[in-house]
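Q: I have a model open and I'd like to learn how to read it feature by feature. Can we walk through it together?

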Amino acid sequence: MKSSRRLASARIIAPVARQLRVAGVLSVTSGLIWPAQAGALAWAISGWVTGEMTRTGIAAALFILGGVLSALLTRAAGACLFDAADRTIARERAALILREARARADVSSAEVAALAVQKLPLLQPWITRYHVAMVRVAILPLVLLAVTFWFSWVAGLVLLVAGPLIPVFMALIGMAAEEASRRQMVEVGTMNAMLMDRLSAMLDIRLLGAVENASADFQDRAEALRVKTMRVLRVAFLSSTVLELFSAIGVAMVAVFVGFTLLGEITFGSWGTQLGLGEGLFLLLIAPEFFQPFRDLAAAWHDRAAGLSVLAELEELDTTGRVAFLGTARETAPLRGPITLALSGAAVAYSDRILPLPDFKLNTGESLALVGPSGAGKSTTLEAIAGLVPLARGRITVCGKTLDEDTADAWRARIAMVPQTPHFADQTLRDWLDPDADEAALRIALELAEADRIVRRLPDGLDTRLGETGGGVSGGEARRLMIARAVLSRRELILADEPTADLDPETAQLVIASLKRLKDAGHSLIVATHDPAVFGAMDLTVEVGS
Amino acid sequence: MKALLPIIRLLLTAEPKSMIRGAALSVIVLLMGAALLGLSGWFITATGIAGLAGIGIAFDVFRPSAGVRFLALGRTAARYGERLLTHDATLRALAALRVTLLRRQVGLDARALARLRGEAELTRIISDVDALDGVILRFVLPGLAALVTHLIVFLALAWLAGWAVAAAVLLGYVPVAVLVFWRLARQSIVPSDQVETQSQALRRGMIDMIRDRQALILRARITAREADLLAIDASTRKMMRALDLSDRNAIAALSVLTAAVTGLALLVGAAFVGQGALDPATGAIGVFVALALAEALPPFARGVADFGRMAGAAKRIGQAPGPIPATAVRPDAKPDEPVLSVDTPELALQLEAGKAAVLTGPSGGGKTSMLMQIAGMAASEGVFILGTRVTEWPDAELRNIVTMVPQRSALIAGTIRENLSLSGETKDEEMWRALAAVALDDVVRARDGLETQLGEGGTGLSGGQARRLTLARALLRKPKLLLLDEPIEGLDDATASRVLTGIRGMLPEAAILATLHRSADHPVFNISQKIDIRR
C-alpha cells in the first residue's frame, strides 16, 4: 500500500502537481470567503433588532459580492483540476494506443481497450475531488475553529469535540464507503456479466423457446443479488450516517447554546463580554461549514480507491513481457531485386525457451510448405520471415540483405500474410479488402482467390458490413477473402498460416486451388500447414522442429 | 426525451412503492434541512430580542430547542432511509431494465442474434444500459425533489413570513434555476451523447487495431491507424472539455443565484421589518431558508449534464424490435401432413415423424441458412411444418414443435442443472437420460453431478463436452422436429456414433434433420440430401 501510494504520487500526481497546488489555493480561498459572508448576514440581521436598517443594503451587496467571488474561484479551481485530469488521461491513453498494437503483450485486446477507454476516466474524480478535499480538510476546519474560539470557547469546544471524533469515524466510514461502492460496482458488474452471458446465448435461448423462462430466471438471480447487496449497504450507509449525525448534533448544540446565552440563561462560555445577537448568528452560520470539508472528503474517499486500482492495472500492463517487431512499419520503398529468402541458424527467443527455426532457401516464383506438428514453430517461422519477431541468433537474408531494423520495412513492402483466424473490423468488405482498389482489380483478385461467388451471395455484395463476427461468412470463405486481400496488396511473396485448418475437404480444395493460381500468377508462396493436400501442391517441403 | 420516457416509466414502475417512499424521503431531507436552518435562525434572533428586552425568563425555549434537535436528528435519519430506499428501488429498476432488454430479443432474426455474440455489440449494449442506470437516481429524483421542495417551502414561508418573502425566495430561485438547467441541457445534449458514441468507437477501434496488427504492420498502416485513434481521443476529450465547462458554468451560476436570492430575501425581510409588518426573527427565516435551499439544486445539475448520454442510449436501446406480432390465423397442426416439407429451388424434402435426414455439402453452401429458415428464424418460401407455412406459426407454438441446435451453440454460467432447465423445469431422471443419450453422463457423474458449476459461456467443459450438453438440452424439449447443425463436430468417431444413436433412442418419434461433414452414412439416417446453392 505504501509503495502504491508512492507510485501514485510519482506517476499520476507529480506531473500535475502545479495545477493541483493552484486549484488547492483557489478552493481554500473560496472557502475562506464564507466567514465574511456570514459576518455580513449576522451584522445586518442584528441591525434589524437595534433599528439600524441601513446596514441591510451594504450587507446584501457584500454577501452577493462574496457569493460571486467564491463561485468564480471555485469555477477557476475546477478548470485547473479538469486540465490536470485531462492531461493525465490523454498521456496514459496515448501511451496505450501507441504501444499495445506495436508490442504485443499476452493480454486480451478487449481488456486493453476497456482499460484505455472505460477505466482511465476513473482517474479523473481521484485527481479532481480527492486532492482538493484533502487540502481543504487540512485548512478550513482549523480556520473556522479558530474563529469560533475567538467568540466563544464553549461553541469552539463543541466543534473541537465533534470534529476530531470525525477522523476516527472517517477511517471506519472510509472503509465502509469503499465497501459500499465496491459492492455496488460488483452488483452492477455481476448483473452486466449475467446479461452479456444471456445475450450471447440468445440464439440458443430463442431456438429453445426459452426466452420467457430465461428472463424469469434472470430476474430471480438479480433479486437474490439485490437482497445480498442491500444487506451490505444497510451497514455501510449506517456508518456514514454517524458522520452526518455528529455534524447535525454539533450544529444543533451550537444553536441551542447560543440561544440560551442570548437569553441570559447561560452566562459562561464567552470571553469577558456577553455574546451578542450578531456574534450568535455568525456562529450558527459558521458551524455547518466546519463539518463540510470532512463530509466532502468522506464522499471523495472511494474515488481514490478506484483511481489506485486503475493505476495498479496500468503498472501491471507495463511490466508484462512484450514482443516488438523489427523496423517502424513506416511506408518505405520496397527492397529491390528478385524475391529471395534464406534462413541460416536462426532462432527466436521466448521467455522460457529458444525456438530454433529451420534452414532453407526460397527463390522467386517458388512455393514452399513448412510442415511439422503443432507447436513446432511453423507460425513463428512465418512471423520471423515477416520481421514480426526479432531473432535471438542466426540470420535471415532477404533479397540479398540481412533482415534487420533498417531493412524490415522495405522487405515487408513486398510480402503479404494470410493469418489462420480472420479479424473483420466494423467496416464494409470493400474497405476491408482495399479501400483504394478499383472494380477491375477487385474482380481479378476475388476470382483468383475463388471468392467471387462469396461476394455474390452476400446481401449487399462488396458493401456488406462484416462486423467482428464476420457477418455470416463461414471459415472457408473468410480464408479465401483473406487470400483476395493479400492479392490486392500486390505483394509478391505471400505467407499463409494453416490455410485449410478446420475446413471440409471440398472447401479445402477450393483454398488450395486459389493458392495454386497465386503461384501461376507469379507469386512466391510460403505455407505453414500439416495438411498433406496442401504440401503436396507446393514445390518444396521443409520440416520444422526436426 | 421521447426515447427516454418509456425507460423512465419502466424504471419507476419496477417497484413503485419503494420508489415513492424514496422520493418522499428525498423531499423530507431537503425540507428538514431548510426547516433546521430557518428555525435555528429564528430561534437565535428571537432569543437575542428577548435577551435585549430583558424578558428572557418568559421566553419559551423548550419547544424551539427541542425542534432544532428533532430536525437535526430527524434529517440524519431521513437521509439514511432515503439512501436505502432509493438504492433498493434503483437495484430493482436495474434488474427490470435488463429483463426487459432480454425479452425484447425475442423479435430478432438469426443474423441479428448471431451478431449479439460479437464483443463490440455486447459492450455497446452494456454501456448503454449502464448509462440508463443513472436516469432515476441522478435525473428524475433530484429534479422532482428540488421542485416539490421549492413549492412546499413557498407555501410554508408564505404562511410564516408572508407572501412577499415567500415570493422573493420562490421567484428568485425557480425561474433562474430553470433557465440555468435549460441552458446546461442544451449545451450538453449533443456533446454528452457524442462522448458516449465516440468512446465506443475508440474502444472498438483499439480492439480492431490490436487484433489486426499483423496486417497493419505488413501494410505499413499501423501509424495511420494509431493517428486515427489519437484523433478520436482528441475530439472526445475536446467534447468532454466543453461538457466540463458547461457543467462548471451551471454550478457557478447556481451558487451566484443562491447568494443573490439570499441577498434578496435579506432586503425584502428588512423592508417589512422596517415597516413593522414583521418582527425581526420572522423576517430572518426567509434568509436562512434561502441559504438552505442551495443544496437542492447541484445534484440535479449533474443529471442534466448527462441527459444527452442517457437520451442517446435510450434511443439505441429502444431501437431493438419488440416482440413478434402474434399471427392472426391460428393454424391447426395437421397430423396427416409430414412434419417437415421443403420445396425450394435448393432443396426438396419431405420428412415424416420418426425419420431422419442428413444434409451434406460444402461449407458456405447454404446448409445453415436452410436450417434457420426451417426454424423460422429467417425469411423463407416453401417451408411447411405440419402442413402450415413456417412463417405463419405463432412463435411460441413453433418452438414447441421445432428445436434447433445451432453450430456455435452457447451455454450460460451456472450449474449443469441450470443449463439443462433453461427452457423449463425437468425431473432429474430425465436430465440423466438426456445426458446418457449424448454420452455425457459419466463425465458429469465424475464431477459434481448436475450441480457441476460452469463459468461464463459454459467454460469448464471441453469443446466436445459443451457441444454434447447443448444437444442434451435440446433433447429435453422433446420436439417433433429436431434440427441439428453439425452436431458431431469436435467429437471422435466412436463418440459421434454413440451420440447419434443416443439422440435417436431418446426421441424415437421425432423427425430429425442434421447437417454433417462426416458420418453421413450413419445407420440413424434414412434420407441423405446434398445441398449446394451455388449450382
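This is a predicted model: local features need pLDDT of at least 70, side-chain atom pairs count only at pLDDT 80 or more; totals for chains, interfaces and linings use all residues.

Q: Is Phe424(A) buried or exposed, and why?
A: Count C-beta neighbours; 20 or more within 10 Å means buried. Phe424(A) has 22 inside 10 Å, so it counts as buried.

Q: Now a helix. Which residues of α10 in chain A are buried?
A: In α10 (residues 378-385), they are Lys378(A), Thr381(A), Leu382(A), Ala384(A) and Ile385(A). Viewed down the axis of α10(A), the buried residues fall within an arc of 160°, so they line one face of the helix.

Q: What do the buried residues of α10(A) pack against?
A: Strands of chain A: β3 (340-349), β6 (367-371), β7 (393-398), β10 (493-497) and β11 (524-529). After α10(A) comes Gly387(A), with a positive phi near 70°.

Q: And how do I describe two packed helices?
A: Use the angle between their axes and the distance between the axes. In chain B, the axes of α2 (residues 16-53) and α9 (residues 280-292) come within 8 Å and cross at roughly 150°. Angles over 145 degrees count as roughly antiparallel, so that is how α2(B) and α9(B) run relative to each other. The crossing of α2(B) past α9(B) is right-handed. Contact residues include Gly33(B), Gly38(B) and Gly41(B) of α2(B), and Ala281(B), Ala284(B) and Phe288(B) of α9(B).

Notes
Residues are numbered from 1 along each chain as its sequence is written. Chains are lettered from A and ligands numbered from 1 in the order in which they are written. A residue is buried if 20 or more other C-beta atoms lie within 10 Å of its own, exposed if 12 or fewer, and partly exposed in between; C-beta atoms are placed from the backbone. Helices (H or I, at least four residues) and strands (E, at least two) are DSSP runs, numbered from the N terminus. The arc is that of the directions from the helix axis to the C-beta atoms. Two residues are in contact if their C-beta atoms, placed from the backbone, lie within 7 Å. Axes are lines fitted to C-alpha atoms, for helices over the stretch in contact, and angles run from 0 to 180 degrees between N-to-C directions. Angles under 35 degrees count as roughly parallel, over 145 as roughly antiparallel, 65 to 115 as roughly perpendicular and the rest as oblique. A crossing is left-handed if the near helix is turned anticlockwise from the far one by less than a right angle, and right-handed if clockwise.
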